[in-house]
Amino acid sequence: MHHWMFNCHEVTRLVSESLDRKLPLYQRMGIRMHLLMCKFCSRYRKQLLLMKEILTRYNESDRPKDIFEPLSEEARKRMKHLLSHLEGHNHVH
Amino acid sequence: MRACTCRICSPVERQLINASSSCELIRMNESKKEKEVQDLDPKLWVDQYGDYLYAFALTRLVDRNAAEDVVQETFVSALHSMKNFRGHSSEKTWLTSILKHKILDHFRKKSREEKHHFETVGDNIRQLFDGKGHWKEGPEKWKTSPKKLFEQKEFLKTLYACLEELSRRVAKAFVLREIDGLSTEEICKVLDISATNCWVMLYRARTLLRQCLELNWFEISPGGAS
């Protein structure tokens, strides 16, 4: 079966690139033709868009808490120590 | 275009920040609302904001040691530039904006160091396709809805673990693009790479992440019909 002029490897690369810049017309046409015939690449595209949607919301404001472990006790101590040391230093000058 | 007036920005950052207008320090200075000036209390920083800043850094750096380092650098910088804090934004926002600078600094420094290793980023992508460029094993159909997913902590944990698996450099470009929403041009500047390299990295990152999520998270619908 001929998938227009791009194969799946090329189409996946172009589908990804289309999320980052506007592709030339012949590439957009080529992708569209290929996607009409190829269910794997259509899924790939759909799933990339889904991932993008999820990741766009993957930020501090609406991310559930406690995904990450807290700062380690050791790092906490070290930073507190450093801060109080530097703060004392700041006051002297 | 306005130049960033904060003292932490390097010239490159100023450009970046003008492009994305995300520097809290600029907004702070421009804010016309005179709020009560808030007092800073460095003694409480670690307990109050340590975990938050650490999670923020970890999301982007995907490296525990590096995340600890930038958080520490942030506190130190903040302490030295307390004079610049005008109390127009919250202490947390102010510290976060300093952290953002530190993260970009870290990316830049790392990308200079890793420049020569770029070619060793394995091309695992090719193995997914046969000699003619057709899928060996195509993507499965995912049984899922993003809304439901997003509420599931476990999913984000899987996502994070997958990001950790990605090669550092590829993951960096990806995080800057998808989580921080930087343009390819901005990413090129931060990582000091060509646009073509950037597109290739993003392609690899997306393809490998897709595969990792499919293996570790998504229920595959039976039959596999599209």
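Me: What pattern does chain B follow when you read along its sequence?
Reply: In this predicted model, chain B runs α-α-α-α-α-α-α-α-α-α.

Me: Why is the pair Glu178(B) and Lys52(A) called a salt bridge?
Reply: The closest N and O atoms of Glu178(B) and Lys52(A) are 2.6 Å apart. The cut-off is 4 Å between a side-chain nitrogen of Lys or Arg and a carboxyl oxygen of Asp or Glu, so the pair qualifies.

Me: How many salt bridges does the rule find across the interface of chain A and chain B?
Reply: Eight. As for polar contacts between chain A and chain B, the count is 21 residue pairs, both residues being at pLDDT 80 or more.

Me: Which elements of chain A give two or more residues to the side that touches chain B?
Reply: Helices H1 (8–18), H3 (39–56) and H4 (73–92) of chain A do. H3(A) gives the largest share, 14 residues.

Me: What classes of residue sit on that side of chain A?
Reply: There are 21 nonpolar, nine polar and 19 charged residues on the side of chain A that touches chain B.

Me: How many residues of each chain are in contact, and what area is buried between chain A and chain B?
Reply: 49 residues of chain A are in contact with 63 residues of chain B. The buried area is about 5,400 Å², with carbon and sulfur atoms giving 65% of that.

Me: What makes Val11(A) and Leu14(A) count as buried?
Reply: Both are among the buried residues of H1(A), along with Cys8(A), Val15(A) and others. The cut-off is under 20% relative accessible area, so that is where Val11(A) and Leu14(A) must fall.

Me: What do the buried residues of H1(A) pack against?
Reply: They pack against helix H2 (25–37) and H3 of chain A, together with helix H10 (195–216) of chain B.

Me: What share of each chain counts as buried?
Reply: For chain B, 53% of the 226 residues; for chain A, 43% of the 93 residues.

Me: In chain B, where is confidence lowest and where is it highest?
Reply: Helix H2 (residues 24–30) of chain B is lowest, at a mean of 54, and helix H4 (residues 64–80) of chain B is highest, at 92. Chain B averages a pLDDT of 77, with 69% of the residues scoring at least 70.

Me: Why be careful with residues 31–37 and 116–122 of chain B?
Reply: pLDDT is the predictor's confidence on a scale from 0 to 100, and residues 31–37 of chain B stay under 50. Residues 116–122 of chain B also stay under 50. Where pLDDT is low, predicted coordinates should not be read in detail.

Me: What does the model score overall?
Reply: ipTM is 0.77 and pTM is 0.67.

Definitions and conventions:
Residues numbered from 1 in each chain as written. Chains lettered and ligands numbered in written order. Heavy atoms only, no water. Contact = heavy atoms within 4.5 Å. Buried area = accessible area lost by both parts, 1.4 Å probe. Polar contact = N/O pair within 3.5 Å; in protein donor to acceptor, adjacent residues only side chain to side chain. Helix = DSSP H or I, 4+ residues; strand = E, 2+ residues; numbered from the N terminus. Nonpolar A, V, L, I, M, F, W, Y, C, P; charged D, E, K, R; others polar. Buried < 20%, exposed > 50% of the residue type's maximum accessible area, 1.4 Å probe, protein only.
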